Amino acid sequence: MQDRRNKLDVGATGRDEPPTLDPGLGHLERPELATALPPQGGLLLLNAGIATTAVALAINTFALFVFGQDILGWYAPPVPAGAIALGAAAGVGYWGVALWRGVRPGLGLQIGVVIVAAVALLTANVIEWIVAQPVWDDGTPMGFFAFYDITTRGMSFSTSSHAPPKTVGAWGYALRAVELAGFSLGSIVPLRMLCRRSYCESCGRYLKHRTIGRARFGPKGGRPLRRAARAAYDAEMESAVGAAEEKMSSLVEEIDSGRTAEAIAALESPMFSMRLERGSRQALVLNVGVEWCTGCGAGHVGGQLVVVKDPNRALAEFAAPVTKAMAQELLRTSKR
Ligand SMILES: [Zn+2]
């Protein structure tokens, strides 16, 4: 696993080493993906996923026959947005059971989900043929492959309501392939979201998470284009990162030494306001949250320093283990 913690990238500041947190700070562990599926959750997970997949495809077939709308054919060119969205809806069942039963989505499970989705979509095409009961001009029933070929070549893009829609011909097969890929890959999106969540290995459960404080740091607005202004901006950014890290370590110190009241007081100070978010244009935000296991009660207070514009990349992270009682006390601060 690549360690991307504590990295700082504020542009050309001429500094090579990223500033690091104090070595005394705890580390937030992101568990590796499990390779095996626990037997207790496997069958239930599969059934739930197949059920939501069937519902999603039934909705599409219904929309097609009743309103003439093919959700699979909605594009945000060139992205098959409708297919991906429908796939994501289909994958909700896997996600729900995995979250509930604490199943880690390994690679094998993800591949399985993609295959199930692809088979389900092809099955839906057969069901469409059965429902449509197509016939040739002379009244003889049309076979599935002829029906599939005609509907595929007959697909059309409507760009405006005035121009008559043009059919795509053989390109229809490419569209079908793109839609199949979009739907199948879309169906693992909900499961993959779970990969990022913290997990209690001993209980086999996902941790609950709640944000209890936010603090803004750093210069306002984006990085300026002019060179002179940029240097000042970078310097300000660097000192802001330092200030945020200092704030983090003092929080960790208070939590580690059991001074819950002081930690709560810090989180309740005007600096850590949940409402500060909207008005401020400062570039950095320090999110502090509590994560805890509903099984054993083990938990930690974690913090992430991120650039507001790029919230997935953490400049610094910390985690300090807390007792169940302390976690509950800290959680109460977020309700005030
Ligand atoms: Zn646990």
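Helices (H or I, at least four residues) and strands (E, at least two) are DSSP runs, numbered from the N terminus. With that in hand, let us walk through the chain.

Residues are numbered from 1 along each chain as its sequence is written. The model is predicted, so local features need pLDDT of at least 70 and side-chain atom pairs count only at pLDDT 80 or more, while totals for chains, interfaces and linings use all residues.

## The chain as a whole

The secondary structure comes to 10 helices and 8 strands. The chain has 336 residues, and buried ones make up 30% of them. Here a residue is buried if 20 or more other C-beta atoms lie within 10 Å of its own, exposed if 12 or fewer, and partly exposed in between, with C-beta atoms placed from the backbone. Two residues are in contact if their C-beta atoms, placed from the backbone, lie within 7 Å. Among contacts between residues at least 6 apart in sequence, 69% join residues at least 24 apart.

## Two loops worth a look

Where is Pro78? You will find Pro78 in the loop between helix H1 (39–67) and helix H2 (81–90). The peptide bond that leads from Pro77 to Pro78 is cis, and its omega is near -5 degrees.

Another loop, between helix H4 (107–132) and helix H5 (144–153), holds Gln133. Gln133 is not a glycine, although it has a positive phi of about 45 degrees. Is Gln133 buried or exposed? Gln133 is exposed, because 9 other C-beta atoms lie within 10 Å.

## Helices that meet

Axes are lines fitted to C-alpha atoms, for helices over the stretch in contact, and angles run from 0 to 180 degrees between N-to-C directions.

| Helix pair | Axes come within | Crossing angle |
|---|---|---|
| H4 and H6 | 8 Å | roughly 135 degrees |
| H8 and H9 | 7 Å | roughly 150 degrees |
| H9 and H10 | 10 Å | roughly 20 degrees |

To put words to these angles, those under 35 degrees count as roughly parallel, over 145 as roughly antiparallel, 65 to 115 as roughly perpendicular and the rest as oblique. A crossing is left-handed if the near helix is turned anticlockwise from the far one by less than a right angle, and right-handed if clockwise. For residue classes, Ala, Val, Leu, Ile, Met, Phe, Trp, Tyr, Cys and Pro count as nonpolar, Asp, Glu, Lys and Arg as charged, and the others, Gly among them, as polar.

Start with H4 and H6, whose axes cross at roughly 135 degrees. That angle makes H4 oblique to H6, and H4 passes H6 in a right-handed crossing. On the H4 side the contact is made by Val114, Ala117, Ala118 and Leu121, and on the H6 side by Leu180, Phe183, Ser184 and Leu185. By class, this contact has 7 nonpolar, 1 polar and no charged residues. Helix H6 (residues 171–186) is also the place of Val178. Val178 is partly exposed, with 16 other C-beta atoms within 10 Å. Val178 and Ala83 are 95 residues apart in sequence, yet 8.6 Å separates their C-alpha atoms in space.

Next come H8 and H9, which are roughly antiparallel to each other. H8 passes H9 in a left-handed crossing. Leu251, Glu254 and Ile255 in H8 meet Glu262, Ala263 and Ala266 in H9. This contact has 4 nonpolar, no polar and 2 charged residues.

H9 and H10, by contrast, are roughly parallel to each other, and H9 passes H10 in a right-handed crossing. From H9, the residues Thr260, Ala263, Ile264, Leu267 and Glu268 meet Met326, Glu329, Leu330 and Thr333 in H10. Sorted by class, there are 5 nonpolar, 2 polar and 2 charged residues. Helix H10 (residues 324–333) contains Arg332, which is exposed, with 10 other C-beta atoms within 10 Å. Arg332 and Ile212 are 120 residues apart in sequence and 8.6 Å apart in space, C-alpha to C-alpha.

## The sheet and its helix

Two strands pair if DSSP finds at least two bridges between them. In the order S5-S6-S7-S8, 4 strands form an open sheet with antiparallel pairing. Strand S5 (208–220) and strand S8 (310–322) stand at the edges with a single partner strand each, so one side of each has no neighbour in the sheet. On average, neighbouring strands are turned by 20 degrees against each other, direction ignored.

Strand S7 (residues 299–307) runs antiparallel to S8 and is joined to it by 9 bridges. Val307 stands opposite Asp310 in S8. H8 packs on this sheet, touching S5, strand S6 (282–292), S7 and S8, and its direction makes about 145 degrees with that of S5.
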